[in-house]
Each structure stands twice: as C-alpha cells, then as structure tokens.
Amino acid sequence: MTGTLSRESGISPVAGHVSVVSPRGDDGSAATRFVVSPDEPVFAGHYPDFPIFPGVCVVDCAHRGALATAPEPVELAAVESARFTGPAFPGDVLDFALKWRRKDGDWRLSATATTARGAAASVRLRYRAAGSAPQPPDAGAGSGAAPVATRAQREAELPEVASLLPHRYPMLLVDRITALDPGERITVVKTVTHNEPWYAGLIPGRDLAYPASLLVESWGQAAGLLASAAAPDARSQVMLFGSVSQAVFHRPVLPGDVVEHRITLSRSLGDSVIFEGESRSGAGPVMSVGQMVMAFRPGDHLRPA
C-alpha cells in the first residue's frame with residue numbers, strides 16, 4: 001500500500017509529498033519515503049552556494065509521516081531529540097523507519113532516516129491528542145535573564161543579521177539582534193507574517209500555526225548568530241545543525257506574533273557549540289530548548305562524492 005501525505009496536514013516548509021510505503025502495523029512500525037527535489041523552495045536560501053536539505057526539513061518529513069500513520073489524530077508537543085549523522089542533498093531519497101509507542105498518556109514516535117549513503121538522522125517526537133492542552137513550561141526552563149542592550153549597542157554595535165549568516169530568502173528566519181553578550185548570550189527577534197512563502201495558497205479557516213520545524217530553525221539561526229559573533233574565523237565554514245533535545249512547544253505561533261529568541265551559550269567544544277534557551281512572544285513562552293548543538297565544518301568535506 002502506498003499513498004501520499006498532502007499539505008492539508010498543516011503548513012510546511014517542504015513542498016514535496018511524503019509517501020507512505022508501509023502503513024502502521026500492529027507493532028507500531030511504519031515506513032515512509034521522501035524524494036528531495038532540487039526544486040524544493042528552501043534551497044534558494046539555505047546555503048545558496050552549497051545546497052544541503054535543512055535538518056529541520058528532515059524532522060518535518062518525519063513529522064508529516066507521523067501524521068499519516070498516527071494511531072489517532074495528534075498534535076506535535078515536542079522534539080524530544082533529533083541527531084543528524086549525514087547530510088541530505090538535492091536528488092537524495094530519504095527513507096524513514098517509524099515506530100509508535102504509548103507512554104505517560106502521550107504518543108512517542110521514533111524515526112530513523114537514511115539515504116543511499118547511509119544514516120542521515122534519528123528523531124524522537126512526542127505527540128499529544130489533537131485538541132488537548134499544551135504542556136506548560138517548567139518553572140526553571142529558559143529562566144536565564146536576557147542580555148540588555150544599551151542605546152549605544154542598538155545604534156552602533158549590534159551586527160546585521162545578514163553579515164553573520166549565509167542564509168537568504170526564504171530561509172533567513174531571523175530579523176534583528178536586539179541584545180548581544182559575545183560568547184555568552186543573545187536576544188534575536190523574528191516577526192511572523194502572512195507574507196511568508198509557507199502561507200502561499202492559504203485557505204481561509206485552516207490552521208495558521210507557524211510550522212514547529214521553522215520555529216526550531218529560526219531559534220537555531222539565532223544561536224548561529226551568537227556562535228558567529230563569538231568566533232569570526234568560523235564564518236568561512238559551513239555551520240551545521242548537529243542535534244537538538246527537549247524542544248518543547250507551549251503554544252502555537254501565529255501570523256502577527258513577534259517571537260523573541262533568548263539563547264545562552266552553555267559550552268564550546270572546539271568546532272562544536274552547545275546552546276540552551278527559549279522563545280517568547282507577548283503572551284509568554286512559546287518554546288523551550290533544552291540543548292542544541294551546532295557544528296562548524298569545512299564545506300569541501302561535506303560535498304557528495
């Protein structure tokens with residue numbers, strides 16, 4: 001049995017279809033497939049001179065496969081972990097092996113993604129029943145104070161986003177740095193609007209929630225700004241999303257929301273940097289991130305043979 005998951009499952013940065021190769025069996029196993037087309041819109045702005053399928057898009061493909069094989073209608077509650085072990089390039093076929101299980105009243109999905117070259121990613125997602133209340137943030141989650149920008153910093157010292165990141169439209173998902181303590185923490189804002197390409201062809205009355213994968217990508221780009229500001233020599237290398245754990249979504253982000261990413265650099269390990277923090281809007285926390293690892297690698301080492 002083979003089918004396709006349409007974009008009716010929600011707004012997505014991925015234009016292509018996720019095919020269901022094997023429906024969910026009695027043991028909770030299923031299989032899906034995604035062909036990475038060179039025409040995917042994200043390639044225009046995600047390392048334009050070095051096209052890599054974004055890690056968050058791999059997560060999004062796993063999520064869309066999850067919605068197509070779920071035991072009941074569900075909503076994404078958290079990316080419990082995602083680890084990327086190999087790049088995906090235009091033309092690759094991503095095969096996903098999915099495994100569902102019930103735990104503590106929620107549904108858990110484990111997914112592994114492979115290409116013809118081998119393992120690409122392992123992902124663990126947590127889902128709540130559709131329509132149920134999101135998990136409130138922990139009292140201590142993301143409680144670190146945001147850096148405070150003086151007027152002098154705002155006017156003269158804070159760098160431009162595009163000077164630190166290689167991303168461009170439509171994958172440049174941060175707007176402005178509002179505060180920066182180099183090597184320690186950063187605050188970055190992102191305004192969500194109806195004018196973003198993900199809302200093209202929008203049908204009135206449909207779910208307007210900003211894709212969780214893009215919220216994680218935007219937060220990761222903010223972390224990348226902190227890393228690049230702290231290590232200018234690393235800007236000549238490719239900045240890769242290595243892994244994330246405990247990215248918990250507290251409420252949907254909607255068009256019109258101004259999201260403030262607060263990121264703290266917790267450790268630097270040579271060519272890898274570890275971050276933690278949260279995202280907030282006017283109504284409070286929208287996402288907390290337990291840990292994200294970013295890695296800097298020479299571009300020539302990653303190109304497909």
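1. The chain has an accessible surface of about 13700 Å², and carbon and sulfur atoms account for 51% of that surface (Shrake-Rupley method, 1.4 Å probe; for residues, only the protein chains shown count as cover). This is a predicted model, in which local features need pLDDT of at least 70 and side-chain atom pairs count only at pLDDT 80 or more, while totals for chains, interfaces and linings use all residues. Residues are numbered from 1 along each chain as its sequence is written, and side-chain values use heavy atoms, with hydrogens and water left out.

2. Four helices and 13 strands form the secondary structure of the chain, these being DSSP runs numbered from the N terminus (helices H or I, at least four residues; strands E, at least two). Of the 305 residues in the chain, 49% are buried, that is, under 20% relative accessible area with a 1.4 Å probe, protein chains only.

3. Among contacts (heavy atoms within 4.5 Å) between residues at least 6 apart in sequence, 67% join residues at least 24 apart.

4. Ile274 lies in strand S12, residues 272-281, and is buried, with a relative accessible area of 6%. Leaving aside residues up to four places away in sequence, Ile274 touches Thr264, Leu265, Ser266, Arg267, Leu269, Gln291, Met292 and Val293. For Ile274 and Val293, which are 19 residues apart along the chain, the C-alpha atoms are separated by 4.6 Å.

Terms used
Buried < 20%, exposed > 50% of the residue type's maximum accessible area, 1.4 Å probe, protein only.
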